[in-house]
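I opened this notebook page to look up strands, ring pairs and charges, one entry at a time. The structure goes in first, and my entries follow.

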Amino acid sequence: MTDDTKLPLASENPAGALLNQLRETAPHLFSEGKVDWEKLKATLGEAIETGPERYGLTWAGKAEAFRNVQSASVGTLLPMPEESVNFDTSENLVIEGDNLEVLKLLQKSYHGKVKMIYIDPPYNTGNEFIYPDNYREGLDDYLRYSGQVSDEGLKQSTNTETGGRFHSKWLNMMYPRLFLARNLLRDDGVIFVSIDDNEYFNLRSLMNEIFGEENFISSIIVQANKRGQTYKEIAKTHEYILLYSRGMDAVLYELEKNDEALPFEDSKGKFDLWELRNRNPKFGRFNRPNLFFPIYVAPSLKDESGYSNVSLEHSETFSVEVFPRNSEGADGCWRWGRDKIQGSDTTSKTPVLVAKQKRDGRWNVYEKSRKSTTKAKSLWDETAVISEQGTIELGELGLSGIFDHPKPIGLVKKCVQIASNQEEDIVLDFFAGCGTTGDAVLRLNHEAGGNIRFILVQLPEKTDNSDYPTIAHITRERVRRVISKLNEADANKLDLEGKATQDRGFRAFKLSSSNFKIWDANQAATNAQQLAEQLRLYADNVQGKRSQDDILFELILKAGLPLSSKVEKIDVEEKPVYAIAEGQLLICLENTIDQALLRGMLAKEPLQILCLDTAFQGNDPLKTNAVLEAKSHGITFRTV
């Protein structure tokens, strides 16, 4: 953190501390380092007045896109155990539905818990991309689109060649999704977004606004096509990945080097030779005088690899004096100081520092570097990241020809390796496509013995394939096949240490309307008969044809616990009760509740208890007593 961005003490500058806190919480409210008051008022729901012009990104429909962020969710996620693998134990999620609504539903349970996001959104090349315009109006639209109701009245956002370049439509689609995605990232989280030239500029401007320009890390160039698109004026061979952090706590990890990166080997292991001198003419004796001193070489004293030993002390054995010279032959400097050299191993059979004589008779001093990792570069051109690899990899799973332009596994694996090295980190992809991100995480866990979790979200966009009628079907099938392939690979291995704890499964969910009836204020009763009929309809507030599992997972979300929470069915006073997340939450879905059942649940000492409101059968005193008694035990009691 630079001096000018350090947080001041509140006692020294309360206003500055408040502004810094606001910048950290909501960077989208700042433009060119100043608070954008119109954005702040919009966030607070205030009317916006036209003010003086200022720098910023704007487009047709931006205000409506922001209102989409603020509108509450009216849907839920229904479990699909039959479409899952190891539903009861897995903590991976594959969710079918519009990602905007799903992101809203995940806000409470996954806020600040995701370590990394990778997305490959529509590139806006003139082909259609389809997402519901407004889910509050459009829940029925989504249900029609996904085939759950008839196609009459389908309303959708599309991008076709009849509306210019459609930057506004694309930005309207991306803005609320990126805004909500940022909320899910941990303080040390990062997001990778694949994009091409069509929307690169707008995406970077958009992410500067949402994540803060100071949290931009890199624009990575990916050589996606070695031959290039030869039908264009310039044979374009590349795409981009924009990398941003959630905040200043983000840490990126280095990548493993390939075997060729450490070309030498001794009894201690593989190594490379790094010159100890700093060759850069910008640094030398003139500005680093403490790093300019002689090192002495013993030509006859060799290590096991045949290199000569070195010392800071001149002697009869260490007789050759070596000074650092830069690339121009002038007095330079060493990379290490005297203290570091003195404290390092220079005399054993495998010393850290050695010397080697060049053909012209001069000597160079080297560090035997055994570092096996290196920082990721901003240009990725290896075969594993080329787009064609994605098609090959899908074919190897027996899924050829069912999905256009799948991202290669190597590309996503590289992103995950840079962003995460911890057990149980969560990786989110809300434009999951054919499931490359899930595939990459599973394979990376298999290779490294880790247990990173994933959440995939995919719209059920229709396909022409009868076996997989929507892309969401393809997503789930690919993950199933990868799990099967990895299990087969491990089946005949004797050493399965660590494999048994790896999560080889996923819980499947689909977006749908809430399990609970929502009062429609637009259909208010105009007479006593209509009012009585409405009260009768809403007396039981649970939608028809919904299972207890459907209701259970909606309540888990409403309680702010993850969808991956462990669910256990227990008996309390001879009644079934669900214990969630090791008993943190108790959910009772019985149609009738009495005092004994309530006290039995309180005796389990959970943090929360949830029951159906209709289970009290209008007994308000019993409900009131339950709330008060729970409060006296430090337990939250609610009805739905």
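I began with the hairpin that strand 13 and strand 14 form, which has five residues between the two strands, and in its turn I found Gly 306 with a positive phi of about 95 degrees. For the record, the model is predicted, so local features need pLDDT of at least 70 and side-chain atom pairs count only at pLDDT 80 or more, while totals for chains, interfaces and linings use all residues. Residues are numbered from 1 along each chain as its sequence is written, and side-chain values use heavy atoms, with hydrogens and water left out.

I take helices (H or I, at least four residues) and strands (E, at least two) as DSSP runs numbered from the N terminus, and two strands pair if DSSP finds at least two bridges between them. Strand 13 (residues 295–302) runs antiparallel to strand 14 (residues 308–311), with four bridges joining them, and it also pairs in the antiparallel sense with strand 15 (residues 320–322) over three bridges. I then followed Tyr 296, which stands opposite Ser 311 in strand 14 and has Glu 321 in strand 15 as its bridge partner.

Next I traced the open sheet of ten strands, where the pairing is mixed and the order reads 3-23-4-22-21-5-6-8-7-20. Strand 3 (75–79) and strand 20 (379–380) stand at the edges with a single partner strand each, so one side of each has no neighbour in the sheet. Strand 6 (residues 185–195) pairs with strand 8 in the antiparallel sense over six bridges, and there I noted Ile 195 opposite Tyr 240 of strand 8.

Which side chain meets Glu 239 in a salt bridge? I found Lys 407, at 3.5 Å from N to O, where a salt bridge means a side-chain nitrogen of Lys or Arg within 4 Å of a carboxyl oxygen of Asp or Glu. Because Glu 239 lies in strand 8 and Lys 407 in the loop between helix 9 (387–396) and helix 10 (409–419), the pair ties together parts 168 residues apart in sequence. The structure holds 35 salt bridges.

Phe 66 and Tyr 175 form a tilted pair, 6.2 Å centre to centre with 55 degrees between the planes.

Conventions. Phe/Tyr/Trp six-rings, centres within 6.5 Å; stacked < 30°, edge-to-face > 60°.
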